[in-house]
Amino acid sequence: MAPNDGVGASYEPNYSSADQILVYFVSSQFGKIPGLQGLFVACLFAGTLSTVSSCLNSMTAVTLEDFIKQYRLWQAGRTGRPVYQNDRMDTFISKLLTCVYGICGIGLSFVAVRLGTLIVLGNSILGVTGGPILVAFTLGILYKRTNGTGMLLGTSIGFAFGIWICTGAFATKDMPTEDVLGLYRVSYMMYGFYASVVTLIIGIVASEIVRLFVRAERQKYVDPILLATFMRPSGWTKADSKLLKANDDADTEKN
């Protein structure tokens, strides 16, 4: 307790992390209401559990569907045997992957406490990952000369560039400003911008290089339904895309 110019006593908060400010605010402003602090803590745990569980399930599903099952298809095509299918084994693998990802998440939580506040950490990760993905979708609907190879290269380099800035900023945060690279001192809100710019430049340049050397990319037809509305040819209708798709399916069946 500390004096407050004779008006009364005021409480000086004693917290060790900026993330505790919200809890202190709830305690100081609504602590007199019975049960409200417990309800607030319960809401925090409920939000955390729902987010973590959805992330674990998503990573498990992606690993199983896009890696394990795709490997089975590749192996079946290479050996000429039927694709291996076992729902019981897939369920066991899903549970095992969930446990592995959960353990990794717990381990990363001990590292996260050393990386700054939750707001800085969350926005840094969102900027590094979200920027390149945003550019990939934007180029896909606005620039029809974009191809998969060029965009994959651009997105990968954009991710790497963003991770480099983010990691360097956290690693040198206690060093004098004049002793570190200028990019390490930009705001964490700008990580996504820089990663997006790199992805945009590399994606366009790499796509044009691929088109220059790969004839199939130059002759590839881009369905206007995949482009933004103002990028579609005049007079085009959705029926045209359906007719083209039907003709392609018929040609595929003949071959």
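Tutor: Two residues are in contact when they have heavy atoms within 4.5 Å. This is a predicted model, in which local features need pLDDT of at least 70 and side-chain atom pairs count only at pLDDT 80 or more, while totals for chains, interfaces and linings use all residues. Residues are numbered from 1 along each chain as its sequence is written, and side-chain values use heavy atoms, with hydrogens and water left out.

Student: Which residues does Asn147 touch, not counting residues up to four places away in sequence?

Tutor: With those neighbours set aside, Asn147 touches Ser207, Val210, Arg211 and Glu217. Helices (H or I, at least four residues) and strands (E, at least two) are DSSP runs, numbered from the N terminus, and Asn147 lies in the loop between helix 4 and helix 5.

Student: Is Asn147 buried or exposed?

Tutor: Buried means under 20% relative accessible area, exposed over 50%, and partly exposed in between, with a 1.4 Å probe and protein chains only. Asn147 counts as buried because its relative accessibility is 5%. In the chain as a whole, buried residues make up 22% of the 255 residues.

Student: How do helix 4 and helix 6 pack, and at what angle?

Tutor: Axes are lines fitted to C-alpha atoms, for helices over the stretch in contact, and angles run from 0 to 180 degrees between N-to-C directions. Helix 4 and helix 6 (residues 191-213) pack at about 30°, with their axes 8 Å apart. Residues of helix 4, including Gly127, Val128, Gly131 and Pro132, meet residues of helix 6, including Tyr191, Gly192, Ala195 and Thr199.

Student: Which residues make up the largest nonpolar core?

Tutor: A nonpolar core is a set of buried Ala, Val, Leu, Ile, Met, Phe, Trp, Tyr and Cys residues joined through side-chain atoms within 4.5 Å. The largest has 8 residues, namely Leu121, Val128, Ile165, Cys166, Ala169, Phe170, Val186 and Tyr191. Helix 4 (118-142) and helix 5 (148-171) each supply at least two residues of this core, and helix 5 gives the most, with 4 residues. Leaving aside neighbours within four places in sequence, Ile165 is in contact with Leu183, Tyr184, Val186, Tyr191 and Tyr194.

Student: Where is Leu183 found, and which residues does Leu183 contact beyond its neighbours within four places in sequence?

Tutor: Leu183 is found in the loop between helix 5 and helix 6, and, with those neighbours left aside, Leu183 is in contact with Phe161, Trp164, Ile165 and Tyr194. Leu183 is partly exposed, because its relative accessible area is 23%.

Student: Where is Phe159 found?

Tutor: Phe159 is found in helix 5, and Phe159 is partly exposed, with a relative accessible area of 25%. Apart from neighbours within four places in sequence, Phe159 is in contact with Val128, Thr129, Pro132 and Ile133.
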